[in-house]
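Thanks for making the time, everyone. I would like to walk you through one model, beginning with a pair of helices and ending with a pocket.

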Amino acid sequence: SRFVMVCWRTVMQCSSFTLHDLRTLPLVRAVRQGDALYTMGHFGSALELYSRLLRGEQTAVDAMEVRYKIGLCHMRLGDAGLARKWLLEIVDMPGGHFWYMNARGALLEAGAGSSNPKEILAEAGTLYADPLMSDYTGMVLSRLTHGYITRGFDREAEILLRGRSEMAGGK
């Protein structure tokens with residue numbers, strides 16, 4: 001740390017000047033620094049920062065947020081197994097919280113590595129039934145359907161489209 005004071009066209013006089021480190025929290029929470037790395041596509045660096053944060057002291061909500069973000073980093077780095085492990089830790093915590101809901105949706109995406117769209121729909125069905133998750137689930141299913149189409153898996157895409165349509169009709 002360093003202290004810099006600059007004066008421009010002004011005379012400054014100090015007598016008995018003392019500077020104390022008050023150990024205040026930084027202006028930007030460390031987790032937001034990880035978010036910036038993640039947003040820039042530096043998933044490995046973000047993962048490293050989030051992992052260090054998890055070893056420190058935090059509230060239960062902060063721990064849920066960091067676990068969620070570690071799971072997302074693993075997903076973006078192509079390790080769906082580790083992503084699921086971290087996301088399941090949140091889902092096993094008491095439900096109803098913002099990070100719990102997001103983890104349930106991210107688990108659906110992490111499970112999308114499955115080549116069986118019927119398995120994806122089975123997991124999506126329980127999420128879609130939850131009014132707080134139905135829009136998000138529909139969005140994830142659209143992304144997954146698009147992914148199947150772009151990779152040439154038309155039959156799988158059709159199964160997801162039909163399943164999503166049935167879910168929407170059942171509301």
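I will take the helix pair and then the pocket.

Please keep in mind that this is a predicted model, in which local features need pLDDT of at least 70 and side-chain atom pairs count only at pLDDT 80 or more, while totals for chains, interfaces and linings use all residues. Residues are numbered from 1 along each chain as its sequence is written, and side-chain values use heavy atoms, with hydrogens and water left out.

Helix α4, residues 80-91, packs against helix α5, residues 98-110, at an angle of about 155 degrees, and their axes lie 9 Å apart; helices here are DSSP runs of H or I with at least four residues. The two are therefore roughly antiparallel to each other, a label given to angles over 145 degrees.

Which residues make the contact, meaning heavy atoms within 4.5 Å, between these helices? From α4 they are A80, A83, R84, L87, L88, I90 and V91, and from α5 they are W99, Y100, A103, R104, A106, L107 and A110. Of these residues, 12 are nonpolar, none is polar and two are charged.

Turning to the second largest pocket, its volume is about 160 Å³, and its lining consists of R29, A30, V31, L53, E57, Q58, D62, E65 and V66. Helices α1 (30-39) and α3 (60-76) each supply at least two lining residues, and α3 gives the most, with three. By type, the lining of this pocket divides into four nonpolar residues, one polar residue and four charged residues.

Conventions:
Axes are lines fitted to C-alpha atoms, for helices over the stretch in contact, and angles run from 0 to 180 degrees between N-to-C directions. Angles under 35 degrees count as roughly parallel, over 145 as roughly antiparallel, 65 to 115 as roughly perpendicular and the rest as oblique. Contact means heavy atoms within 4.5 Å. Ala, Val, Leu, Ile, Met, Phe, Trp, Tyr, Cys and Pro count as nonpolar, Asp, Glu, Lys and Arg as charged, and the others, Gly among them, as polar. On a 1 Å grid over the protein atoms alone, a cavity is a set of points where a 1.4 Å probe fits but cannot get out, and a pocket is an open set with protein on both sides within 12 Å along at least five of seven lines; lining residues have an atom within 4 Å of a point. Grid points are joined across faces, edges and corners, and a volume is the space filled by probe spheres set on the points.
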